[in-house]
Amino acid sequence: GGRASEDAEPSPQALAEATQANKLLLVDATAEWCAPCKFMDRSVWTDEKVIAWLNQHAIAIQIDVDKEEATAEELGITSMPTFIVFKAGAELDRTTGARTAEQILEWLDEVLQGKTYLTALLERLATDELTNDGRLALATRLLRAKRYAEALTMAYHRQQGVDTHIVRIFNTYGPRMRPKDGRAIPTFIRQALEGAPLTVFGDGG
């Protein structure tokens, strides 16, 4: 999934603790029924190197999306496991899906260096270092970031010299949209129907 609204954040206590310690805050969104989450609990979060990295650089918390629905919705979590890194209250990056200890450490090291998962993949693509699995991960990430079509368009423009234009459609709505998919219009309509306070994104402009 993409980022939540700019104001979305985990508990103020966790953010304050991480900020005071000058560390990152790592949020692990999980669920009781999530098999990949159980794999991570058994094999990754117990790994000595992962524990050492977290002790040095971050404070880690877990969110059960079924028990903390409001927080999960605010953070825009739509699949499990989802990992989100914050620094000083701001989201730096997020990724989804089970990872090995080596993969999670590689991602965390890159975030610590100021690189997002997407920019790291794009850098490897530029140097032709991506494996087929890496290219698939890049395509998936671009798709989730709503940039896949734009990436294809720019690839044709750069490599084939095609005259291209990119038009970004404003928020749309229609049949079969999920009420809790995190987009502005479904959220606005759902909150209005429920008589709940309306979320205003950004400055409301």
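Guide: Contact here means heavy atoms within 4.5 Å. This is a predicted model: local features need pLDDT of at least 70, side-chain atom pairs count only at pLDDT 80 or more, and totals for chains, interfaces and linings use all residues. Residues are numbered from 1 along each chain as its sequence is written, and side-chain values use heavy atoms, with hydrogens and water left out.

Visitor: What share of the contacts with a separation of 6 or more is between residues 24 or more positions apart?

Guide: Such pairs make up 56% of those contacts in the protein.

Visitor: Which elements does the protein have, and how many?

Guide: Nine helices and four strands. These are DSSP runs numbered from the N terminus: helices are H or I with at least four residues, strands are E with at least two. From the N terminus, the order is α-β-α-α-β-α-β-β-α-α-α-α-α.

Visitor: In what order do the four strands sit in the sheet?

Guide: The order is 2-1-3-4, in an open sheet with mixed pairing. Two strands pair if DSSP finds at least two bridges between them. Strand 2 (58-64) and strand 4 (90-96) are the edges, each pairing on one side only. On average, neighbouring strands are turned by 20 degrees against each other, direction ignored. Axes are lines fitted to C-alpha atoms, for helices over the stretch in contact, and angles run from 0 to 180 degrees between N-to-C directions.

Visitor: Strand 1 and strand 2: in which sense do they pair?

Guide: Parallel, over seven bridges. Asp-28 has Gln-62 of strand 2 as its bridge partner. Helix 3 packs on the sheet and touches both strand 1 and strand 2. Its direction makes about 110 degrees with that of strand 2.

Visitor: And strand 3 to strand 4, how many bridges?

Guide: Six, and the two strands run antiparallel. Thr-82 stands opposite Thr-96 in strand 4. Their hairpin has two residues between the strands, and Ala-88 takes a positive phi near 55 degrees there.

Visitor: How many residues of strand 4 are buried?

Guide: Five of its seven, so strand 4 is mostly covered. Buried means under 20% relative accessible area, exposed over 50%, partly exposed in between (1.4 Å probe, protein chains only). Of the 205 residues of the protein, 33% count as buried.

Visitor: New topic. How many residues does the largest nonpolar core have?

Guide: It has 18. A nonpolar core is a set of buried Ala, Val, Leu, Ile, Met, Phe, Trp, Tyr and Cys residues joined through side-chain atoms within 4.5 Å. Those with the most contacts inside this core include Leu-26, Trp-45, Ile-104 and Trp-107. Strand 1 (24-30), helix 3 (48-57), strand 3 (82-87) and helix 5 (101-112) each give two or more residues. Helix 5 gives the largest share, six residues.

Visitor: What does Ile-104 touch, leaving aside neighbours within four places in sequence?

Guide: Met-40, Val-44, Trp-45, Val-50, Phe-83 and Arg-99. Apart from this core lies another, of 17 residues, among them Leu-25, Ala-29, Ile-63 and Ala-72.

Visitor: Which residues of helix 9 are buried?

Guide: In helix 9 (residues 184-194), they are Pro-186, Thr-187, Arg-190 and Gln-191. They lie on the same side of helix 9, because they cover an arc of only 125 degrees around the axis. That arc is taken from the directions from the helix axis to the C-beta atoms. Their cover includes helix 4 (69-74).

Visitor: And Ile-189: buried, partly exposed or exposed?

Guide: Partly exposed, with a relative accessible area of 39%. Ile-189 is also in helix 9.

Visitor: What follows helix 9?

Guide: Gly-195, with a positive phi near 70 degrees.
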